[in-house]
Amino acid sequence: MSHATDQQLRNRLRRAHGHLAKIVAMVEDNRDALETAQQLQAVVSALEKAKTFLVTHHIEHHLEETVGPLPEGTKEKLGRLTELAKYL
C-alpha cells in the first residue's frame, strides 16, 4: 500500500486541514475561546485517528509482505491491538 494513494488517509487529512482552516478564521474573527478550543480538540482527534490509521495499516502491510496474507483470526487480533493503541 502506498500511503500517498490511500484515499481514506487523504480524506482524513483533508478533513482535518479544512477544520484547521476554519479555526484560523475563528481566531482571526476573535470568536469565543470555548468554541475555538472545542474545534481545536476536534482537529487533534481527527489527526490522532489519521495517525492511528496510517500506523496500523503500515504494520499490517509489512506483516503481510513478510509472512503472506494474514488469516482472519490474526487480523482480528491485530484489530484489537489497534484498539488498544488508541490509549497510548
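Helices (H or I, at least four residues) are DSSP runs, numbered from the N terminus. The model is predicted, so that local features need pLDDT of at least 70 and side-chain atom pairs count only at pLDDT 80 or more, while totals for chains, interfaces and linings use all residues. Residues are numbered from 1 along each chain as its sequence is written, and side-chain values use heavy atoms, with hydrogens and water left out.

The loop between α1 and α2 contains N30. N30 is not a glycine, yet has a positive phi of about 55°. With a relative accessible area of 68%, N30 is exposed (exposed means over 50% relative accessible area, buried under 20%, and partly exposed in between, with a 1.4 Å probe and protein chains only). At the start of α2, a side-chain oxygen of D32 comes to within 3.2 Å of the backbone nitrogen of L34. After α2 comes G68, with a positive phi near 95°.

The buried residues in α2 are T36, V43, A46, A50, F53 and T56. They pack against α1 (7–28) and α3 (72–85), where contact means heavy atoms within 4.5 Å. T56 counts as buried because its relative accessibility is 15%. The side chain of T56 reaches the backbone oxygen of T52 at 2.8 Å and the backbone oxygen of F53 at 3.3 Å. A polar contact is a pair of N or O atoms within 3.5 Å; within protein, one must be able to donate a hydrogen and the other to accept it, and residues adjacent in sequence count only if both atoms are side-chain atoms. T56 and L81 are 25 residues apart in sequence, and their C-alpha atoms are 9.0 Å apart in space.

Two packed helices are described by the angle and the distance between their axes. The axes of α2 and α3 come within 11 Å and cross at roughly 150°; axes are lines fitted to C-alpha atoms, for helices over the stretch in contact, and angles run from 0 to 180 degrees between N-to-C directions. The two helices α2 and α3 are therefore roughly antiparallel to each other, a term for angles over 145 degrees. In this packing, T52, T56, I59, E60, L63 and E64 of α2 meet K75, L78 and T82 of α3.

Terms used
Parallel < 35°, antiparallel > 145°, perpendicular 65-115°, else oblique.
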